[in-house]
Amino acid sequence: MMDFISVPVSLGIGFFTFYKLVELFDRKKERIMIIERLSQINSANLENLDISRIFGDGKKLNNKYISLRIGSLLMGLGAGLLIGIAIVTQVFGTAIPSSYEATQSMSIVYGASTLCFGGLGLIAGFIVEARMSKKEQ
């Protein structure tokens with residue numbers, strides 16, 4: 001159905017993963033080098049040295065509800081596919097469509113219902129997250 005997109009997506013994920021691994025090891029080497037240089041400086045005034053600019057502020061990522069977001073997205077996508085299958089079987093029946101137009105119509109129904117219900121799942125997750133964060137305050 002969407003064979004044309006699988007190769008670019010797979011390559012993109014592979015290249016992104018490789019880039020992040022190289023960046024991870026490169027930053028580690030850079031930080032070790034900075035620490036070694038700082039330890040070599042004995043006579044320097046280190047009171048006004050702001051290391052947080054180099055290593056970050058120590059901020060934590062606020063991913064408290066990441067499982068809720070991912071779960072609601074996946075449930076929405078699953079519901080969209082289920083509704084898409086129901087629509088296609090009601091319109092076309094169980095016979096395999098032989099025309100190009102029918103196949104394209106089926107693809108559009110699958111894609112539209114999946115995206116629509118995935119979005120609704122994200123909206124539902126956002127509403128639940130807002131209510132939960134309001135209760136905590």
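Predicted model: local features only at pLDDT ≥ 70, side-chain atom pairs only at ≥ 80, totals over all residues.
Biologist: Thanks! In what order do the elements run from the N terminus on?

Modeller: The order is α-α-α-α.

Biologist: How should I read "buried", and what share of the 137 residues counts as buried?

Modeller: Buried means under 20% relative accessible area, exposed means over 50%, and partly exposed is in between (1.4 Å probe, protein chains only). Here 12% of the 137 residues of the chain count as buried. Take G80, which lies in helix 3: G80 counts as buried because its relative accessibility is 0%.

Biologist: How do helix 3 and helix 4 cross?

Modeller: Axes are lines fitted to C-alpha atoms, for helices over the stretch in contact, and angles run from 0 to 180 degrees between N-to-C directions. The axes of helix 3 and helix 4 come within 7 Å and cross at roughly 150 degrees. Angles under 35 degrees count as roughly parallel, over 145 as roughly antiparallel, 65 to 115 as roughly perpendicular and the rest as oblique. Helix 3 and helix 4 are therefore roughly antiparallel to each other. As for handedness, a crossing is left-handed if the near helix is turned anticlockwise from the far one by less than a right angle, and right-handed if clockwise. This crossing of helix 3 and helix 4 is right-handed.

Biologist: Now for charges. How many salt bridges does a search of the whole structure find?

Modeller: A salt bridge is a side-chain nitrogen of Lys or Arg within 4 Å of a carboxyl oxygen of Asp or Glu. The search of the whole structure finds four. In one of them, K20 pairs with E23, with the closest N and O atoms 3.3 Å apart. Both K20 and E23 lie in helix 1, three residues apart, about one turn of the helix. E23 also meets R27 in a salt bridge (3.3 Å, N to O). R27 and E23 are four residues apart in helix 1, so about one helical turn separates them.

Biologist: What about E136 and K64?

Modeller: Their closest N and O atoms are 2.7 Å apart, in another salt bridge. E136 lies in helix 4 (residues 100-136) and K64 in the loop between helix 2 (52-55) and helix 3 (66-92), so the pair ties together parts that are 72 residues apart in sequence. K64 counts as exposed because its relative accessibility is 53%.

Biologist: Last one: which residues form a nonpolar patch on the surface?

Modeller: Patches are made of residues with over 30% relative accessible area and no salt bridge: like charges are joined within 9 Å, nonpolar side chains (Val, Leu, Ile, Met, Phe, Trp, Tyr) within 5 Å. Accessible areas come from the Shrake-Rupley method with a 1.4 Å probe; for residues, only the protein chains shown count as cover. The nonpolar patch here is formed by F4, I5, V9 and I13, with about 400 Å² of accessible area together.

Notes: Residues numbered from 1 in each chain as written. Heavy atoms only, no water. Helix = DSSP H or I, 4+ residues; strand = E, 2+ residues; numbered from the N terminus.
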